[in-house]
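Colleague: Before we go through this model, could you show me how its features are to be read?

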Amino acid sequence: MPTAVVTGGARGLGYAMARGLAQSGSSIALLDVLPDVAESAHALAAETGVATIGLAVDVRDAEQVESAFAAAELELGVADTLVTAAGITIWGDSIDVTPEEWHRVMDINLTGTFFACQSWARRLIRHSGGGSAILIASMSGHIVNVPQFQASYNASKAAVIHLAKSLSVEWAAAGIRVNALSPGYTLSDMTRQFMDANPELRDQWEKLIPVGRMAEPEDLIGMVNYLASPASTYLTGQSLVIDGGYSAI
Ligand SMILES: NC(=O)c1ccc[n+]([C@@H]2O[C@H](COP(=O)([O-])OP(=O)(O)OC[C@H]3O[C@@H](n4cnc5c(N)ncnc54)[C@H](O)[C@@H]3O)[C@@H](O)[C@H]2O)c1
């Protein structure tokens, strides 16, 4: 039975990707700092009929992450797919960013991604099984967004892209593939919170997107299912950018 662990899976892009994998028949473990992650897992099971578990975990804490992967393994078996969607953005002029803000973004987006990859790959390697990790980076790891300033986020996502490359080389012999998936502006709780506070933003962003609209989370599902499937067996160490053409201009 295919099984996937999805960090940041209680809502937003993580939940949508988990749903896409569940609809393809994967059991799903959702890991998220939100306490209602268990409810998200119940909702996903009710909707798709697959086995799920929701585990409250802060990805910045390596011990919590390891315990959550152990609990997921006990319930669902070793996961052959990992999606790391836990992430945050903090906007602000770089000269005013506090050390706490800088560390928070790096700790969740980069270090938390690494801890999840570690706990996931340990189990696969122990069981001599191959697998596919899909690290959710961002087009911001390739380009610089405007009008908002978000240097910490951009740097963290560029690092996630290089983390995917690095782990893909290190773990290739174990049959483990690691790719980054780099979305452009996508409608989610994260972006809605910024658009609600700045109603003119959506229009500004959409003028910069050749296809003329922000992505829906569902626009990413095909690529996630492809990366999780044997159809992509020879694809590793890449950052696949799904941004409606934003980074092409
Ligand atoms: N929405 C976009 O436009 C967009 C674009 C490119 C990349 N992304 C990336 O996609 C991912 C999902 O973003 P989203 O837009 O769905 O945002 P979101 O805020 O809706 O979801 C992020 C999830 O991560 C969880 N999370 C945050 N900190 C955590 C922690 N310390 N431990 C565990 N879980 C934690 C949150 O609780 C939330 O459920 C993020 O990595 C984000 O950077 C989003």
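Modeller: A46 is placed in helix 2 (residues 37-48), where helices are DSSP runs of H or I with at least four residues, numbered from the N terminus. This is a predicted model, in which local features need pLDDT of at least 70 and side-chain atom pairs count only at pLDDT 80 or more, while totals for chains, interfaces and linings use all residues. Residues are numbered from 1 along each chain as its sequence is written.

Colleague: Is A46 buried or exposed?

Modeller: A residue is buried if 20 or more other C-beta atoms, placed from the backbone, lie within 10 Å of its own, exposed if 12 or fewer, and partly exposed in between; A46 has 9 C-beta neighbours inside 10 Å and therefore counts as exposed.

Colleague: At what angle do helix 1 and helix 8 pack?

Modeller: Two packed helices are described by the angle between their axes and the distance between the axes. Helix 1 (residues 12-23) and helix 8 (residues 221-228) pack at about 55°, with axes 9 Å apart, the axes being lines fitted to C-alpha atoms over the stretch in contact, with angles from 0 to 180 degrees between N-to-C directions. The contact (C-beta atoms, placed from the backbone, within 7 Å) is made by A16, M17, G20 and L21 of helix 1 and I221, V224, N225 and A228 of helix 8.

Conventions: Helices (H or I, at least four residues) and strands (E, at least two) are DSSP runs, numbered from the N terminus. Two residues are in contact if their C-beta atoms, placed from the backbone, lie within 7 Å.
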